[in-house]
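User: I have a model open and want to go through it with you. Can we take it piece by piece?

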Amino acid sequence: MPKEVPSSKTISKCDHNDNSKDVPDKRYDSDRSFKLPSVKIQKPFSAIPKKRTDVIKWNGWGYNDSKFVVKDGIICFTGKRYPIGELELPYFTEWAKKLLNVDPFKICLPCEIPFDDFFPKTIINEDFLCEIMNLKIEHSVDGFERLTRSHGQTLHDIYSLRRNMGSIHRIPDIVLWPCSHEDVMHIIALADKYNVVIIPYGGGTSVSGAVSCPESETRTICSLDTSQMNNILWLDKKNLLVCCQTGLVGQDLESFLQERGFTCGHEPDSYEFSTVGGWVATRASGMKKNVYGNIEDLLVNVKLVTPKGVLSKEGLYPRQSTGPDLNHIVLGSEGTLGVITEVILKIRPVAPIKKYGSIVFPYFDAGVACMREVARQRCQPASIRLMDNEQFQFGQSLRPKNSSYWSSFTENFKKAYLKHIKGFDLNLICVATLLFEGEKDQVEQQETLIYKIARDCGGIPAGENNGERGYMLTFVIAYIRDLGLDFNIVAESFETSVPWDRTLTVCRNVKYIVGKKCKEFGIKYFLISHRVTQTYDCGSCVYFYFAFNWEGLSDPVATYGEIESAAREEILRCGGSLSHHHGIGKLRARWYPKQVSQLGANLYSATKKYLDPNNIFACQNLLPLKSNL
Amino acid sequence: MAQKFRNILEDFQKNDHDFLWISRAINFIKAYNQSRPHISPNKLKKIVAKNSQLYDMVKEVFEDKGFWAAKQQISEILEEIGYAYDLAVVRWLGLFLIKMLRKSLSGLYINESMLKVIASEMGNSPVIFVPTHRSYCDFILMAFVCFKYNIHIPCVAAGMDFLSMKLMNKVLRNSKAFFMRRKFVDDHVYRSVFQEYIKAMISYEESPIEFFIEGTRSRTGKSLSPKFGFLSMVVEAYLTGDIPDLTIVPINISYDRILEEQLFAYELLGIPKPKESTKGFFKALKVLDENYGNILINFGDAFSIRSFLDNQINFRYRNQENETNKIKQIAFKITEMQQSLQIYSCFNVLALVLYDHIIRTHSHALALHEAVRSVNELLFLFDLFCGTVFVEGDLETSIKQSIIIHGSLVYLSSENVIILKKPKFKRHLNQSENQEGCYLSDEIIEEGVPIVMLQIYVNPTLTLFIRSSIILTVFECLSKEIEVTIDLLYENYQYICDLFKHEFVLTSSNFQEYYDSLLKLASLGILELHEGTIKIKNYNNVYIFLINLLKPFIISANEFCKFLLEEDITQKTQLQVVKEVQDKISFKIISGYIEEYYCLSLDLLSNIYNALSEMKIIIRNKQKNMLFTNAELLNDLNCYLCCLLKGRKMPYNFFKNSYLYNSIGKSKL
């Protein structure tokens with residue numbers, strides 16, 4: 001197989017348009033848009049070190065120092081990273097007791113880090129490993145390192161780590177840390193030669209089972225950790241583009257750009273931990289996509305290393321009419337076709353004004369009507385989200401006692417006014433949170449228009465404070481599941497995208513079907529809640545949260561799986577999609593052919609067979625093994 | 001069985017507590033909790049009126065008149081349909097009802113435990129109550145029961161007849177009755193508005209919704225063939241995703257004595273019902289001074305439309321044909337459940353005994369002790385056929401009691417003989433002006449009314465016995481030369497089932513039901529099943545009883561065929577044909593050729609007409625608006641029926657080129 005490894009010694013002139021020297025500017029005489037930089041790159045600060053478990057949890061979400069804990073029967077949040085850090089949360093405690101029948105004194109601690117002899121035996125292809133060592137690519141066969149790269153963040157993953165370690169049978173055999181596109185090319189060539197399985201691993205925030213190892217795999221499985229490929233290659237201020245390696249973590253990219261007055265604007269809820277490569281591989285969507293676009297809108301060019309060579313387009317063109325856009329083979333490939341090594345993304349100047357807002361609606365349908373109208377008029381602010389009443393109440397509970405900043409929504413808003421003058425029922429109201437970004441007058445204009453639409457739909461503007469809090473909690477919510485698991489609560493979220501006229505149907509029917517299934521399984525305490533998180537011209541993205549107390553159930557994860565499947569069937573039947581931004585992975589693979597038609601699935605399969613004839617990217621995402629080969 | 005019923009009138013023994021009861025503070029149980037504030041009846045109408053889709057639908061009709069004319073008409077129709085709600089009216093109605101019920105009923109029985117289960121499981125989807133419809137009392141009783149159990153009183157579909165009643169229409173409307181025109185398939189505007197209104201009501205309303213699947217009161221005591229119109233509108237709301245599910249509660253309301261029994265008997269003979277008026281209503285109240293015995297309201301197992309349809313229906317890719325089939329299945333399931341919920345009164349059994357006695361002896365009198373003995377025997381049969389008879393205490397006392405309750409129909413002479421009463425019939429003058437007037441002579445009517453009234457109480461029991469009855473009747477005429485196999489008998493059985501499909505709501509020619517009936521007959525010692533062949537073993541009393549049940553129906557059908565063979569019907573309407581058949585039968589009764597007065601029933605004759613047109617024996621040419629008959633099929637049917645009646649055997653190859661032959665041919669394939 002011919003392999004062209006570009007020489008890293010090519011040197012050419014730089015176009016010095018600005019004075020910052022830490023990053024090379026794009027070079028115009030280069031025919032290859034990704035060409036390696038001439039000057040030594042200062043690596044951007046990395047929030048997550050190579051030994052990731054030093055900073056982030058090995059068996060849960062997020063930073064080691066940030067978590068929910070129970071102290072004297074009251075739930076608190078530790079650490080200072082988030083605004084609710086080091087505060088007691090009595091209302092949240094009450095909420096959990098009432099809704100999910102949680103007993104804060106009945107804790108069940110998670111499993112400890114296992115001893116070395118616990119980890120599944122490695123299957124090592126010695127020749128392969130030997131060649132890797134010759135190439136001086138960093139690697140490890142340490143059990144714990146392998147374990148931490150064997151999973152994402154699905155309920156099944158975290159439950160296994162915390163409660164059911166014995167169920168973990170197959171984890172990667174070797175962890176590799178390539179530093180460059182070239183390293184990856186060598187690795188893929190060797191893997192193909194020695195028939196070794198490669199599973200690319202980025203931030204480990206997958207919620208589709210995409211990085212877990214198929215249990216039936218008997219070949220050596222290599223976890224290709226991209227974390228050391230986290231360089232910014234160049235920054236092009238004229239064209240507003242950035243080129244970076246794909247192991248770069250979202251928050252590192254963002255802080256690098258912000259320091260220089262730019263932003264990528266791609267902000268998925270996981271952006272503290274997820275990597276640029278992961279975004280591309282799953283077709284991620286960011287909270288502020290209304291201004292900046294989803295990943296497919298941001299992606300200008302990408303390199304995919306496959307066993308057959310490197311797939312990459314020519315140039316930095318704003319748009320091309322050159323046949324099907326092959327970027328779209330890479331976007332959403334979920335690690336089944338190759339490794340994404342470098343990308344060129346669009347960037348924007350940082351917006352001068354960032355302003356929050358919120359609207360209270362008498363009931364959910366009115367809120368959806370408002371979102372629909374906003375979408376019709378295409379006047380979306382950077383973000384507009386609509387929570388249902390359950391989530392509103394839950395959000396309310398996440399505040400400390402006696403704090404003016406955190407005062408409850410209704411205190412802020414004069415309960416009496418809502419109830420008696422507007423006739424709102426506090427058990428029905430729901431809240432939309434808004435985020436505006438742009439020039440001052442632009443933001444003002446947008447505000448006026450949106451609040452007018454809101455009023456027409458029966459809503460009332462409810463202040464900036466409520467909006468800001470809503471967005472702040474976004475990043476905290478992900479931490480709750482770990483606590484829940486210690487108290488017999490399983491929780492998970494799932495999402496869909498759905499045309500406008502089916503949005504309410506999907507919301508209503510999923511709530512109904514989940515309630516019905518819970519009853520069938522004898523689940524007494526559960527929470528099902530939804531929110532509309534994105535608006536599009538022809539539809540919306542709906543996010544569901546589902547949690548239940550598993551007391552009396554022998555296999556809560558399996559039960560959860562059955563209920564989510566029923567909910568997914570219902571979503572599909574009502575006209576919702578299989579996924580808006582979580583991806584297919586292994587969890588949703590069984591529905592994939594139906595979503596894209598059999599021909600579509602075959603087309604994908606043929607592509608896969610061509611690019612990866614030996615199936616070394618055998619993570620079995622999208623299409624299960626049988627149909628893959 | 002009887003223990004699960006509770007007489008709720010026991011809760012209202014003291015008069016002076018009534019007011020307290022109706023004025024109590026109630027926190028009504030909602031059928032469908034929604035995540036939005038409740039929509040008032042007026043708001044509901046506004047929502048429908050604003051519906052732009054609706055306007056698009058009716059636009060063409062108003063081509064030249066424009067938007068405002070359409071708006072105007074839509075809102076007028078909505079005013080006519082729309083229900084209202086005034087709790088005060090409901091409370092006063094409650095007071096009035098409790099006084100009336102206490103006076104005229106011995107007991108109002110509810111299977112309370114089931115109702116409580118239903119109420120406790122309400123909340124997640126609209127709940128549809130589907131009671132049987134035997135009397136105007138039905139929806140008043142349903143409202144009363146709901147009020148008693150703190151359930152929101154149901155929104156109920158009422159006929160247009162009530163609209164002309166002053167005051168009463170207001171009372172009904174304010175107790176959540178909405179009004180539905182009778183036939184509106186061709187009225188495009190009305191249909192669209194009505195459909196949209198129902199859809200909106202289903203999706204926004206939090207109280208249960210009630211409708212009668214039979215479409216009208218059954219005058220005969222039997223279930224009517226289910227109607228699909230309203231049901232399909234309700235299911236549509238589920239299929240379009242406006243509601244997550246639908247809970248359907250079939251209900252049977254069994255009356256000891258039906259308020260309208262005499263009116264029904266007259267109606268069946270062809271004397272039209274008086275127009276509903278408030279005056280008439282208050283006159284009718286006097287009727288309530290009599291004792292009407294017990295009423296039993298039997299709530300059935302609620303079932304979910306979602307579970308029933310399972311995943312067979314896709315919301316996105318709708319399939320009209322599949323949906324129509326499913327709706328039919330749901331409708332028949334409801335009717336079937338309603339039938340199995342029927343609770344029989346002592347008088348139903350007594351009516352059967354009297355009916356059998358009259359057919360056998362032509363005497364309208366039966367000694368009490370004989371009646372008691374026969375009733376006792378029949379109770380065993382009810383048991384075998386899974387019919388529940390509600391008898392309190394000693395049988396003889398119960399029978400005597402039910403004779404008193406049915407004083408309008410029977411009385412006990414001083415010699416302890418039960419005698420059928422003859423009513424005095426006075427023909428109202430204005431009725432002769434009526435186009436639909438009755439051709440029958442006064443004598444026929446006077447003789448006929450008690451028999452028809454009696455049949456009204458016999459009819460509900462036919463659900464239990466009719467299959468066995470058909471089996472035995474068709475067996476009679478099968479050739480003795482050949483062995484009667486289970487399959488052969490089944491084909492013959494199906495033929496007659498098709499003929500009486502509407503009469504007895506024989507939902508399907510289900511083999512399982514047929515086979516079950518065979519087994520029952522075998523366990524009674526009447527049949528013998530041996531290696532797939534059947535023999536009659538014992539021509540006993542039960543055998544004769546079962547054969548007799550079908551007799552008037554077969555005679556009617558036979559007379560119908562004869563009429564079609566003799567007369568030219570090309571220029572006639574269905575109604576004319578039916579009336580003329582009735583006329584013909586009445587002549588044969590006068591001349592003593594036919595003895596069964598129930599053959600005169602217009603309901604029976606129309607059902608036969610409908611079956612004949614489905615069997616393609618009567619064919620309507622829509623373009624020419626003319627009726628034709630298929631002579632070949634008609635001849636076959638006529639011969640078949642003649643054989644049945646005379647017990648004559650017919651040769652096996654009788655049915656060449658005929659319906660039955662075809663059906664045999666098909667099943668053999």
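User: What are the ground rules here?

Analyst: This is a predicted model, so local features need pLDDT of at least 70 and side-chain atom pairs count only at pLDDT 80 or more, while totals for chains, interfaces and linings use all residues. Residues are numbered from 1 along each chain as its sequence is written, chains are lettered from A and ligands numbered from 1 in the order in which they are written, and side-chain values use heavy atoms, with hydrogens and water left out.

User: How many helices and strands in chain A?

Analyst: Chain A has 21 helices and 21 strands. These are DSSP runs numbered from the N terminus: helices are H or I with at least four residues, strands are E with at least two.

User: And how much of chain A is buried?

Analyst: Of the 629 residues in chain A, 62% are buried. Buried means under 20% relative accessible area, exposed over 50%, and partly exposed in between, with a 1.4 Å probe and protein chains only. The accessible surface of chain A is about 25600 Å², with 53% of that on carbon and sulfur atoms; the areas come from the Shrake-Rupley method with a 1.4 Å probe, and for residues only the protein chains shown count as cover.

User: What share of its contacts join residues at least 24 apart?

Analyst: 76%, among contacts in chain A between residues at least 6 apart in sequence. Contact means heavy atoms within 4.5 Å.

User: Pick a helix. What's the span of α15 in chain A?

Analyst: α15(A) runs over residues 440-456, 17 residues in total, and reaches 25 Å from first C-alpha to last, close to the 24 Å expected at 1.5 Å a residue. The expected span is 1.5 Å times one less than the number of residues.

User: Which of its residues are buried?

Analyst: A:Val443, A:Gln446, A:Glu447, A:Ile450, A:Tyr451, A:Ile453 and A:Ala454. They cover an arc of only 155° around the axis, which puts them on the same side of α15(A). The arc is taken from the directions from the helix axis to the C-beta atoms.

User: Why would that spacing give one side?

Analyst: An α-helix has 3.6 residues a turn, so residues three or four places apart point the same way.

User: What do the buried ones pack against, and what's on the face turned away?

Analyst: The buried residues of α15(A) pack against β15 (353-361), α11 (364-376), β17 (430-438) and β18 (460-461) of chain A. The face turned away carries the exposed residues A:Asp441, A:Gln445, A:Thr448, A:Arg455 and A:Asp456. Just after α15(A), A:Gly458 has a positive phi of about 95°.

User: Is A:Asn466 buried or exposed?

Analyst: A:Asn466 counts as buried, because its relative accessibility is 7%. A:Asn466 lies in α16 (residues 464-477) of chain A, and its side chain reaches the backbone oxygen of A:Ala462 at 2.8 Å.

User: Switching topic. How much area do chains A and B bury between them?

Analyst: About 1600 Å², 46% of it on carbon and sulfur atoms. Buried area is the accessible area (1.4 Å probe) that two parts lose on being put together, summed over both. On the chain B side, B:Arg306, B:Phe315 and B:Arg316 lose the most area to chain A, together 32% of what that side buries. By contacts, 24 residues of chain B meet 17 residues of chain A.

User: Where is B:Glu503, and what does its side chain pair with?

Analyst: B:Glu503 lies in the loop between α20 (486-499) and α21 (511-523) of chain B, and is buried at 2% relative accessible area. Its side chain makes a polar contact with the side chain of B:Lys222 (2.7 Å). A polar contact is a pair of N or O atoms within 3.5 Å; within protein, one must be able to donate a hydrogen and the other to accept it, and residues adjacent in sequence count only if both atoms are side-chain atoms.

User: And B:Glu392?

Analyst: B:Glu392 is partly exposed, with a relative accessible area of 44%, in the loop between β12 (388-390) and α17 (395-405) of chain B. The side chain of B:Glu392 makes a polar contact with that of B:Tyr109 at 2.5 Å.

User: Last one: what is phi at A:Asn101?

Analyst: A:Asn101 has a positive phi of about 55° although it is not a glycine. Most residues other than glycine have a negative phi.
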